[in-house]
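Good morning, and thank you for joining.

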Amino acid sequence: MRPPVAVSQCSYHHVLEFLRYLDQFGKTKVHLHGCTFFGQPDPPAPCSCPLRQAWGSLDALIGRLRAAYEEHGGSPESNPFGNGTIRLFLREVKDCQAKARGIAYKKKKKKKKSKLLNPTIQGSSSNRTSNHNHRLL
């Protein structure tokens, strides 16, 4: 920032401005709505769409900055890198890039621990082994 802003004075507005500044140095092609390759993950030819910062890079950077802020004495409540507006911005970047490249990002569901298929067969050791092997599959 010109002039520099002390970390204690930094707000989510400064973080958004920084992320937008970084965008100009990106290397990820993000197709615009009017582009013939919009929505295609592997376009067959080059186009004039802009290069942007990849969502994953921005997300990782913000994660590191959020952790560093707190490691150096900042409180989680005042952390500008953990602000809800920043999370919303990152989600919008992710969705925009996914649509432009034809990639559907879906939240992975956590696997629930499954119970044994038939608990009455646990009596014999051979069945215990086969049940154990079945759970590993």
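Predicted model: local features only at pLDDT ≥ 70, side-chain atom pairs only at ≥ 80, totals over all residues.

I shall start with a helix pair: helix 1, residues 12–23, packs with helix 2 at an angle of about 145°, and their axes lie 12 Å apart. The crossing of helix 1 past helix 2 is right-handed. On the helix 1 side, the residues that take part are V15, F18, L19 and L22, and they meet L58, L61, I62 and L65 of helix 2. By class, this contact between helix 1 and helix 2 holds 8 nonpolar residues, with no polar and no charged ones.

The protein chain contains 4 helices and 2 strands, and from the N terminus on their order is α-β-β-α-α-α. Of the 137 residues in the protein chain, 21% are buried. If we take the contacts between residues at least 6 apart in sequence, 55% of them join residues at least 24 apart.

The next pair is helix 2 with helix 3. Two packed helices are described by the angle between their axes and the distance between the axes. Here helix 2 spans residues 55–71 and helix 3 spans residues 84–101; the angle is about 165° and the axes are 9 Å apart. How, then, are helix 2 and helix 3 oriented to each other, roughly parallel or roughly antiparallel? Angles over 145 degrees count as roughly antiparallel, and helix 2 and helix 3 are therefore roughly antiparallel to each other. Helix 2 passes helix 3 in a left-handed crossing.

In this contact, helix 2 contributes W55, L58, D59 and I62, while helix 3 contributes I86, L90, V93, K94 and Q97. Sorted by class, the contact of helix 2 with helix 3 has 6 nonpolar residues, 1 polar residue and 2 charged residues.

W55 belongs to helix 2 and is partly exposed, its relative accessible area being 23%. Which residues does W55 contact, once neighbours within four places in sequence are set aside? They are L90, V93, K94 and Q97. For W55 and K94, the separation in sequence is 39 residues, and the C-alpha to C-alpha distance is 5.4 Å.

Is H31 buried or exposed? H31 is buried, because its relative accessible area is 5% and the limit for buried is under 20%. Beyond neighbours within four places in sequence, H31 is in contact with F37, F38, P43, C47, C49 and A100.

A disulfide is a covalent bond between the sulfur atoms of two cysteines. How many disulfides does the model have? The count comes to 0. For C49, the closest cysteine sulfur is that of C35, at 3.6 Å, which is too far for a bond, because the cut-off for a disulfide is 2.5 Å. C49 counts as buried, with 9% relative accessibility, whereas C96 is partly exposed, with a relative accessible area of 42%.

That concludes my presentation, and I welcome your questions.

Key: Residues numbered from 1 in each chain as written. Heavy atoms only, no water. Buried < 20%, exposed > 50% of the residue type's maximum accessible area, 1.4 Å probe, protein only. Contact = heavy atoms within 4.5 Å. Axes fitted to C-alpha atoms, helices over the stretch in contact; angles between N-to-C directions. Parallel < 35°, antiparallel > 145°, perpendicular 65-115°, else oblique. Left-handed = near helix turned anticlockwise from the far one by under 90°. Nonpolar A, V, L, I, M, F, W, Y, C, P; charged D, E, K, R; others polar.
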